[in-house]
Amino acid sequence: MRTLCYSCQLLGGVMMQKNGMKQDWGKSLLIVASQLSHCRTVLRLFDDLAMMAYSTKYGLGKKEEDWLIRCISVIGNLSDQLYYPCEHVAWAADAGVIHVKSEKWWTASTALWGLSLFLGILRSIRILNKLRRHRQKHTENDLPKTRGEIKSQIRSEVLTIIGCASDLVNAIHWMPPGFLWGGCFPTWLVGLMGTISSFIGIYQTAVGGNAGGV
């Protein structure tokens, strides 16, 4: 659904720059993208418990040997956990369920998502540095299978960085105008960034890698 949503946004944004029938198709695709985005927001109403279970299982990351990765992961989990209730309040406000202004809650949820993505990038960079040091020290003595596993891990972390960076670019775009490039992107570019991260997530899920797209 995420991939379809961003793909429609990408194609719709491109077609909106054309004239005639293509522009009409573009409007239709953007409507579909908007409805899919709303559907994803509603579905995330049920994600709190799953995130809580994951955060509780990881805890303070005592099994993680690297202290920096442990700290980044714990803060990232906290950001993800707080993201959901902020988004829920924003959705409820827009739906008229509660009578508060939704803007600040959307901003808070987007900021938490952006923080989580940034921490994800830092975590992957740290893991990459450790993997490269390990490869340099042990390449000659490692078995082919071990070398292959290290290469696979490195590829997975590089893809994670690209995917998180693509989403982070969009997260900043959705921040209030005046914050970096907040509100400055054309629709097709938002769709492109989201499509890139979505396909990376699909690939990593298929091969058993790490993916964390919201």
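Student: At what angle do the axes of helix α3 and helix α4 cross?

Tutor: The axes of α3 (residues 48–58) and α4 (residues 67–95) cross at roughly 160° and come within 10 Å. Axes here are lines fitted to C-alpha atoms, for helices over the stretch in contact, and the angles run from 0 to 180 degrees between N-to-C directions. Before we go on: this is a predicted model, where local features need pLDDT of at least 70 and side-chain atom pairs count only at pLDDT 80 or more, while totals for chains, interfaces and linings use all residues. Residues are numbered from 1 along each chain as its sequence is written, and side-chain values use heavy atoms, with hydrogens and water left out.

Student: Why are α3 and α4 called roughly antiparallel?

Tutor: Check the angle against the cut-offs: under 35 degrees is roughly parallel, over 145 roughly antiparallel, 65 to 115 roughly perpendicular, and the rest oblique. The crossing is at roughly 160°, so α3 and α4 are roughly antiparallel to each other. As for handedness, α3 passes α4 in a left-handed crossing, meaning that the near helix is turned anticlockwise from the far one by less than a right angle (clockwise would be right-handed).

Student: Which residues of α3 and α4 make the contact?

Tutor: Contact means heavy atoms within 4.5 Å. From α3 you get D48, M51, M52, Y54, S55 and Y58, and α4 brings residues including I69, R70, V74 and Y84. By class, this contact has eight nonpolar, five polar and three charged residues. Ala, Val, Leu, Ile, Met, Phe, Trp, Tyr, Cys and Pro count as nonpolar, Asp, Glu, Lys and Arg as charged, and the others, Gly among them, as polar.

Student: What makes α1 roughly antiparallel to α2?

Tutor: The angle again: α1 and helix α2 (residues 21–43) pack at about 155°, with their axes 7 Å apart. That makes α1 roughly antiparallel to α2. The crossing of α1 and α2 is left-handed. Among the residues that meet are L4, C5 and L11 in α1 and W25, L29 and L36 in α2. The residues of this contact divide into 12 nonpolar, six polar and three charged.

Student: And what makes α1 roughly antiparallel to α7?

Tutor: The axes of α1 (residues 2–15) and α7 (residues 187–207) cross at roughly 150° and come within 7 Å. That makes α1 roughly antiparallel to α7. This crossing is left-handed. Residues that meet here include Y6, L10 and V14 in α1 and W188, L192 and F199 in α7. The contact of α1 with α7 has eight nonpolar residues, 10 polar and one charged.

Student: How many helices and strands does the chain have?

Tutor: Seven helices and zero strands. Helices (H or I, at least four residues) and strands (E, at least two) are DSSP runs, numbered from the N terminus.

Student: Why is K104 called exposed?

Tutor: Exposed means over 50% relative accessible area, buried under 20%, and partly exposed in between (1.4 Å probe, protein chains only). K104 has a relative accessible area of 57%, so K104 is exposed. K104 is found in helix α5 (residues 103–138), and its C-alpha atom is 49 Å from that of T146, 42 residues apart along the chain.

Student: What percentage of the residues in the chain is buried?

Tutor: Buried residues make up 38% of the 214 residues. As for extent, the C-alpha atoms fill a box of roughly 65 × 40 × 30 Å, taken along the principal axes.
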